Amino acid sequence: MLISYNWLQDFLQLQVDPAVLAEKITRTGVEIPTTAHPMAGLKKLVVGHVLTSEKIEGTHLHKCQVEVGQEAPLQIVCGAPNVAAGEDVIVALHGARIAGNEKIKRGKIRGIESNGMICGLQEIGFADKVVPAKYLHGIFVFSAGSDVKPGQDVYEALGMDDYIFDFDITPNRADTLSMEGAAYEVGAIIDQKPKIEQVVLKEDGPAWSDKFEAQVDPKLAPKYYLRKLTGIKIGESPLWLQTRLWNAGIRPVNNVVDATNYAMLLTGQPLHAYDAKTFAAGKLIVRQAQAGEKLELLNEKELELDPQDIVIADENKPVSLAGIMGGMNSEVTDETTEVILEAAVFDPTLIRKAALRHANRTDASARFEKGVNWDNVQKGIDVAALLMRNHAAATVDQGLLKATDQQRQAVVVKTTTSYINHVLGTELSGEDIAKIFDRLGFGHELAGDDLTVTVPNRRWDIEIPADLVEEVGRLYGYDNLESTQPLLPETHGGYSVRETKIRRLRKLVEGQGLNETINYTLTSPKAAKLFTKSDHKLIKVAWPMNSGRSALRQSLLIGLVNAVSYNFAHKQEQLMLFEQGRVYNLDDGKYNELEHLAALYTGTAAHHNWQKLDQPVDFYWVKGQLTSLLAAVGIKDLTFKAAIIPGMHPTRTAAVYAGERYLGFVGMLAPVLAVKDKNLQGHDLYGYELNLEALLPLMTTGLKNEPAPKYPSIERDVSLLVDKEITNAQVVDCIKANGGKYLQAVHVMDVYDGMQIEHGKKSLAYRLIFLNKQATLTDDVVSKAVEKIDAALADQLEAKIR
């Protein structure tokens, strides 16, 4: 909320520089990111009185003679459509500085001398949103009774000599969303008791409440007050009231609407004024909307109401969206002579949901959803009525109709001074703490160490002892708290075993040449069901940003598909992406959050090269990548079984098992995905997704590096002739089984089954590597090992050693 320094001085005797005060307020818990001084950078802006205004033929311009307190009037050419003789206006003299640091100089317009500029509010720094509608496309004209004189500076009259604090509150400090609340806060900081005036309202009209019926559901509105005012004359509000409104960021409208907005700024209580003709039948109803009902709001937005919306209605139709905005069918217009004034406390949850549902958040809804002071409902309605009486010639009819009037008792919180000192690390006495609560205006009773605090209803954020500790700490001054090292048990840094395994998997995948991505957790309900073997219930978002982000994902591949589509659209077609993250599902009423790993490949297995040896990514290549990854973490006993998985190709997808445990799947993505996403057309996508909850327990502790051997190895080559039916694996197994403890590796050197050898036979050549890590290996030992291998091959495989 924007808080006026000048307005604060109605409550407090401020002798402190605004910038210093802003810093003090920030240090006590309410951040003030900016302090604006509207007149900063402006100069030579004065009040001018238009003596004559002549239209320049053939143009939209006017030649004006303007009195500005100098010896002679100034001639100024003005293009505003609303300039006229007899008006008091804003004049920028020769040499003046206006908004944007623009300098005004004498000059000629259409050959006519102009000695300054008649200004609109926007031209001296006002935002469009606060400029009264009648002056939005023209110059500003001081209303009659503004008490301004030609030649005087305009800054004070327009409230530009003020300093505006931007109270950037946290949701729990909505008590400062009013001038009275801000005054209590600032008063506690500078140790002054704010001067809060009580309202004395004279009711001089006839009784009305016995002839009017208000049906209100107390669950929807536990407090609901109405007043009736008659004899109203709609017009502009006095300038002092308008300046306070636009300095708070609110556009002045008329003397009725402005009165309700001023009362809200003063007390924090939102109000609304209805044209009394709306309830000509003498009946008002506060209820929830019915299916199919519609309402056009004051901002000309037409709503289709929801059954959860609270509405104010007559006997036939809604006339206002309660706590948010009134309807066009109950608007106060220039012809209005009688109004029904409303002040209430509405259900905050329903107000917040309705404002979000209809994308129509207002100053009123923001206050209702965060909370309002129940004790200020009557004061708010009485302040507005008093302003209408004083500035709209209204007669206040006798009687305040209280349709519902639940009371909220003051909260009593018990704590101890020792607890407060223990949490803050201070040594404050009970009297010191009691003085802080005096500054806050909280009732208190101190009995030894025990402290009982009575919290007024204006501070509904205080409920528990910890809240009292915070109040003491911030007013005592966080800068005054002694810095000490926390006395905590020693904790050892590092990753858990689970985290270490996950990080290891990510490193291995990166080592295979893949790039890591991070994708949205939220997706559409249809997309969330893709790439899952089991049919789990979706977890949906209650208030999604849009339909495409309304459900939590059940797989990671859908995010990778979107990432690939985005890259294809930007001409990047050689992609190997992976993501490690969490997926979510609902199973038998239990919410599950599971770690997964997924990868997606498209293009070629290696980058283009001059030899044109491009190998397209296919099922077997990706399967090899997955097998290598799992082998690196000690999982080698893998089984691949055909599987049907939504979003995957029906004949090119396999489920991956380690023994009987399902780990995930690998395969080609279904071509039908390209039908829905044109970016995917003409591309084959392959990938896999693993459930790390099943995989992590199977992982080994990892690989260990060994130093290079000190002693040389010995190589021997073996060539043999075997039947064609004999496999390489059989030969290697036989060699390893009989090679002895020094045999380190077996490599295939050559395979030949041409015309030069016997029919039905093939020639195989192997290189055997022997190594003793503890001593130098001798030829005798190796020769004996080779002889044993030759004998075993001949005996077991009927091989002929060549």
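Glu-296, Glu-300, Glu-302 and Glu-331 form a negative surface patch (patch residues have over 30% relative accessible area and no salt bridge, and like charges are joined within 9 Å). Of these, Glu-302 belongs to strand 19 (residues 302–304) and is exposed at 58% relative accessible area (buried means under 20%, exposed over 50%, partly exposed in between, with a 1.4 Å probe and protein chains only).

The model is predicted: local features need pLDDT of at least 70 and side-chain atom pairs pLDDT 80 or more, whereas totals for chains, interfaces and linings use all residues. Residues are numbered from 1 along each chain, and side-chain values use heavy atoms, without hydrogens and water.

The chain contains 19 helices and 41 strands (DSSP runs of at least four residues, H or I, and at least two, E, respectively). Its radius of gyration is 41 Å, well over the 28 Å that the globule rule gives for 802 residues, so the chain is more spread out than a compact globule (the radius is taken over C-alpha atoms; the rule is 2.2 Å times the number of residues to the power 0.38). Buried residues account for 48% of the 802 residues.

There are 34 salt bridges (a side-chain nitrogen of Lys or Arg within 4 Å of a carboxyl oxygen of Asp or Glu).

Key
Patches are made of residues with over 30% relative accessible area and no salt bridge: like charges are joined within 9 Å, nonpolar side chains (Val, Leu, Ile, Met, Phe, Trp, Tyr) within 5 Å. Accessible areas come from the Shrake-Rupley method with a 1.4 Å probe; for residues, only the protein chains shown count as cover. Lys and Arg count as positive and Asp and Glu as negative; His and the chain ends are not counted. The place of a charge is taken as NZ of Lys, CZ of Arg, CG of Asp or CD of Glu.
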